Structures are given as structure tokens and as C-alpha cells.
Amino acid sequence: MAVQQGGLSPGVPRNVGVGRVASRRPFRPDMPVFPLSCVVQHYAWGKMGSNSEVARLLASSDPQARISEDKPYAELWMGSHPRGDAKILDNCISQKTLGQWIAKNQDCLGSKVKDTFNGKLPFLFKVLSVETALSIQAHPNKELAEKLHLQAPQHYPDANHKPEMAIALTSFQGLCGFRPIEEIVTFLTKVPEFRFLIGDNAATQLKKSMNSDSQSVASALQSCFSHLMKSEKKVVVEQLNLLVKRISQQVAAGNNMEDIYGELLLQLHQQYPGDIGCFAIYFLNLLALKPGEAMFLEANVPHAYLKGDCVECMACSDNTVRAGLTPKFIDVPTLCEMLSYIPSKDRLFLPTRSLEDPYLSIYDPPVPDFTVMRMEVPGSITEYKVLAVDSASIVLVVQGRVTASSPTVQTPIPLQRGGVLFIGANESVSLKLAAPDDLLMFRACCLL
Ligand SMILES: [Zn+2]
């Protein structure tokens, strides 16, 4: 009973009904482990109401949360970004938000992280629930981000790069990187509307480049992609309408059009009628991630999330260069100029298995800003230790129920599905699992 009184579900402020118990805890301004209440973003492309994993996590973690079925729940932000700074669910801590707390308790970041990232949490951790496609986009490298920010700060709000990683929670569909040239050449034959927009010269050039060096391939691919993206709007609409009509008629006649992704094309056209981005499916790899599978979007890799739920981790930045499937500002010349024109089929990002912990998979991308860990612990295990690292961490419980304790936490913290825990650098946390639920958690941190 004492445990239940002292701890509280994340999402419920600790002063609700348990003020007496909370005040028993000695005042420790540097208390480095506490639960967070995170910010939901209701962007229009999000899944509606309880169809959204974001909404379901929220409802599970916070019994007081009311989910509106007619509202999109697009993103859950777990971090200290000024547009979505997480609230601290612990009244013994004087700061109200994670950003305020980190500003006062810099050592919790870890010594290397603190110095490398100027006393800021270097990553933003999210859950995304995607109903309609997000824009065709890429993120600049640091050098280009600085340049763009200087030239157009209204569109490029900071000077940082924005590598991203998405790990599927449900089956998750996205476009990522250029397809192998042979596949694009096949679409040029099978989809005459696509070829029309690219033009015969660029299309022939691409076919010829198939047996040449990577430089010639890149230049032919850039020429094709730029021709498409810079097509006159009126012509795009005409060709897209022709293609939609053709696919619809064939489908109505009972013919399978999946060799040119008929269903996906119709779906994107329905979401973004007349949008040039619909044709991007013939240039970019279509990935269907199963739960636990990941894609990593390094600088200059074109991509778009199409549908599904995922956890996402990224460097703290807002810099996105867009070119279609969006009502937002688009910058086609910059996008065509910056992209990595490297065709590749191999776009799954594979985690490594930890040698110390059989339940831990580590997604460690080739950037310093973040690493994501996935912990899948069977319900037969009663106690599990979240290892200390020299970095601040944010942990999300996706499945299962635990009680968290650490040497610096007086009262164990109960966490259930949707619960989010901040862990300061070099703190280890012991979790007691509530049988018989299996536990699935994701942890974002920065391993320098
Ligand atoms: Zn992106």
C-alpha cells in the first residue's frame, strides 16, 4: 500500500491526492530520475482519436486524459524542445519542465554530452501515428543547414542538422532513398505519364548510365529527378489525371496494377490531388517495416513517411527541405541540389544485440546526436536493470507494467504502457515487472 501511495502513474501530477506522501520525500533538487508528462501535437496528418498509438499511449498512462475521436493525434514529443517541453511529474522538483530542469542540472546530461552539445539535450524522442503521407523531404547536413538558416531563417529556423531514425511500432510504410536504377528504368517503360514528365533525353541518359560509374549514375539520376520535380504544375496535373484514370479503369476491370503500385498511387492522389510528390514512389524505395524494424534518414536522403506508427529519434532541429505531398513551404531547387543521388535497395537499419543484456537491441546510427535502445523483456523475468550510461536518457514504456527504483529515488515510480521516465546520466534503474505482462520499452540517449 505504501508503494501505491508514494508512487503514481505518470500523467497524474504527484500533488493529486498524495501530497502528504510526496512531501515525505527529502528535498533533492538534483533528483535525477522522474516521470514525465509529454506533449501531443495534433497535426492534420495524424491518425484520428483512439486509432492513433499516440492517443492510446496517452490514455493508458494518464487515466484523466480524454481522447477526442474527431481529433488527430500525430506526435508525442518526449524531450525538452521549446515547442513541446515535457512536464515533470514530481512536485518535489521545483522546476516544472524538463528543459528548465536540465538548464539547472547540467551534470545530468553526462560530462561529454554537456560539453559537446552546449548544455542541451541533443535529441528529441517521439512517437508518430501517421494516417496520411508526410511530405517528400530531406534534411540538410550541418554545413548546408548553416547556409540555409543564414539565407532564409523563416523557413530554416536553426543551423543544426537533423538526422532521424524511425523504428516501427505497428506495420509502418515509408519512402526512403533512391531505388536501384534498373527499377526506375522499368517504371519509365511501364508508366508513360512518369516518363513524359521526365522527358526522353533525361530518361535515355538514365538508361545509358546503368553500366557506368557512380558519378554518371548520380548525374543522370539528378537530371531525371530534377526534371520531374520542376515540371509545370498544369502538366503534372494532366499526367497524374491520366495515370489515375488508367489505373482506376484497369482495377475496375479486375486487373492487378501492383507492378506500378496502383493502389498506393491512388491513395496518395486522394490525399494530395494533383501533387507532383505522387510520382516520387517511382524514384524512391518503398519500405514496409515490421514492428522493431528501422530506417535511418541521414542528411540528404530523400524520404517520406506514408502510414503507420513508429518511435522516432532525431537531432534537435527543425530543418526540413520539402518538395511535395505537403501544403507547407516547398523548396524544389534546394532539394534537387542537395540530395544524395545514390541508388540502393538496402535501406533497413539493423540494430545490434547487446552482449551484456540478452533483452537489449541497440540502434546506433553513424551520428553523435542519439542512440535508441529497444528492451523486450519476457514476463517471466521479475526484475530488470536499466544500465547506467554517461548520458541523460528518456525511456518510453510501450507494453507492460513496472515499478522503477534507483538509489536516488526514495519512492518507487510505477510506470505502465505510455509511461515516460527521465534518467540522468550514470544512474541505473531497477524495474520490477508486474507479471505476467511482457515488457517492451524504448530508450533514447546519446553515447559519445
Ligand atoms: Zn524527415
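These legends describe close-up views of a predicted model. Local features need pLDDT of at least 70, side-chain atom pairs count only at pLDDT 80 or more, and totals for chains, interfaces and linings use all residues. Residues are numbered from 1 along each chain as its sequence is written, and side-chain values use heavy atoms, with hydrogens and water left out.

**View 1. Four residues coordinate the zinc ion.** The donor atoms are Q137 OE1, H139 NE2, E164 OE and H303 NE2, at 2.1 to 2.2 Å. Donors are N, O and S atoms within 2.8 Å of the metal (3.2 Å for Na, K and Ca); water is not among the atoms, so sites may look incomplete. Angles among the four donor atoms run from 89 to 163°, and the site is irregular. Four donors count as tetrahedral if all angles lie between 85 and 135 degrees; four count as square planar and six as octahedral if opposite donors are over 155 degrees apart and all others between 65 and 115; anything else is irregular.

View 2. H139 sits in the loop between β8 (136-138) and α6 (142-151), and E164 in strand β9 (residues 164-168), so the pair ties together parts that are 25 residues apart in sequence. Helices (H or I, at least four residues) and strands (E, at least two) are DSSP runs, numbered from the N terminus. H139 is buried, at 1% relative accessible area. E164 is buried too, at 3%. Buried means under 20% relative accessible area, exposed over 50%, partly exposed in between (1.4 Å probe, protein chains only).

**View 3. R322, an "active site" in the UniProt record.** The entry is unreviewed. UniProt positions are given in the numbering used here, feature names are shortened, and annotations may be inferred rather than shown by experiment. R322 is found in strand β14 (residues 321-324). R322 is buried, with a relative accessible area of 17%. Leaving aside neighbours within four places in sequence, R322 is in contact (heavy atoms within 4.5 Å) with S135, I136, Q137, K328, F329, I330, D331 and V332. Its side chain makes a polar contact with the side chain of S135, at 3.4 Å. A polar contact is a pair of N or O atoms within 3.5 Å; within protein, one must be able to donate a hydrogen and the other to accept it, and residues adjacent in sequence count only if both atoms are side-chain atoms.

**View 4. Domain 1 and domain 2.** Domain 1 spans 148-338 and domain 2 spans 365-445. Such bounds come from an automatic or database domain assignment. The domain centres, taken over C-alpha atoms, are separated by 37 Å. In domain 1, 12 residues are in contact with 11 residues of domain 2.

**View 5. N118 and Y261, each with a positive phi.** Phi of N118 is near 50°. N118 lies in the loop between α5 (111-116) and β7 (123-130), and is exposed at 66% relative accessible area. Y261 has a phi of about 50°. Y261 is placed in the loop between α11 (233-252) and α12 (262-271), and is partly exposed at 23%.
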